[in-house]
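Keep the 3D view open as you read.

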Amino acid sequence: MPINQPSGQIKLTNVSLVKLKKGKKRFEIACYQNTVQDYRKGVEKDLDEVLQIHQIFLNVSKGLVASKDDLNKCFGTTDTDAIIKEIITRGEIQLSEKERQLMLNKINNEMLTIISAKCINPKSKKRYPPTMIHKALVELKFSVVVNKAAKLQALEAIKLLISKQIIPIVRAKMKIKVSVDKNKGTEAIEKLSLLIKPTELDDSELSWTCTGLIDPVVYREIVTLCNGRGTLQVLDMAVIDEGK
């Protein structure tokens, strides 16, 4: 049923709507700006800090509140908090144009910082400043989107930059240390030795310990090879000076 509010009594200002379609109905909640993302990341845990009003709507602007019958039919429960949490987690955030631009700028800056930290010029062995990376991505028509994490978009952008090479760029090497029990991982050691460029090596009767550089794309494979057979330490996420 609609909420009849005298004009000026309650106004939802700076509102961000989160919408979720469920069981052929669209449900909405009214949140404060920026708090939804904080809640999704686990930074904010208090619903009262996220919600402008602790209710579930069919239409926020019209004040049309979802009935218990609607909630039970579509969500299988009338537990308001449980439903709100599902809407916040899975719903689509409707941003104003200003909010959207601010969010895009924030994600873009985070993405450029990640790329700058993870990549180098293979000739100079130096990182590119974010401004130069930005220019290259503009030339490649790479567009940042709001609904995807900056890290994921950074990895996509890195693949594009490396494949197109409009600036000379590669992923910086990672420096790791692995130690494998020879009784458990003889075959694993053979594979690891092909993936790691060693800077230090200790090959004893019982164990094989190697400190060295790897291409980040093989990191997951190395994790799998070490699992249950030894230990893996990341010493440096992005080595700039390979002599260090």
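The report goes through the sheet, then its strand pairs, then the helices.

This is a predicted model, so local features need pLDDT of at least 70 and side-chain atom pairs count only at pLDDT 80 or more, while totals for chains, interfaces and linings use all residues. Residues are numbered from 1 along each chain as its sequence is written, and side-chain values use heavy atoms, with hydrogens and water left out.

**The sheet**

Start with an open sheet of 4 strands in the order E9-E10-E8-E11. The pairing is antiparallel. Strands (E, at least two residues) and helices (H or I, at least four) are DSSP runs, numbered from the N terminus. Two strands pair if DSSP finds at least two bridges between them. E9 and E11 (230-239) stand at the edges with a single partner strand each, so one side of each has no neighbour in the sheet. On average, neighbouring strands are turned by 10° against each other, direction ignored.

| Strand pair | Bridges | Direction |
|---|---|---|
| E8 (residues 173-181) and E10 | 8 bridges | antiparallel |
| E9 (residues 197-203) and E10 | 6 bridges | antiparallel |
| E8 and E11 | 7 bridges | antiparallel |

Some partners can be picked out by name. Lysine 177 has threonine 211 in E10 as its bridge partner. Aspartate 203 stands opposite tryptophan 208 in E10. For lysine 173, the bridge partner in E11 is valine 239.

E9 and E10 also form a hairpin, with 3 residues between them.

**The helices**

The axes of H8 (residues 186-195) and H9 (residues 219-226) come within 10 Å and cross at roughly 155°. Axes are lines fitted to C-alpha atoms, for helices over the stretch in contact, and angles run from 0 to 180 degrees between N-to-C directions. H8 and H9 are therefore roughly antiparallel to each other, a term for angles over 145 degrees.

Which residues make the contact? H8 supplies Ala188, Lys191, Leu192 and Leu195, and H9 supplies Glu221, Ile222, Leu225 and Cys226. Contact means heavy atoms within 4.5 Å.

Methods:
Angles under 35 degrees count as roughly parallel, over 145 as roughly antiparallel, 65 to 115 as roughly perpendicular and the rest as oblique.
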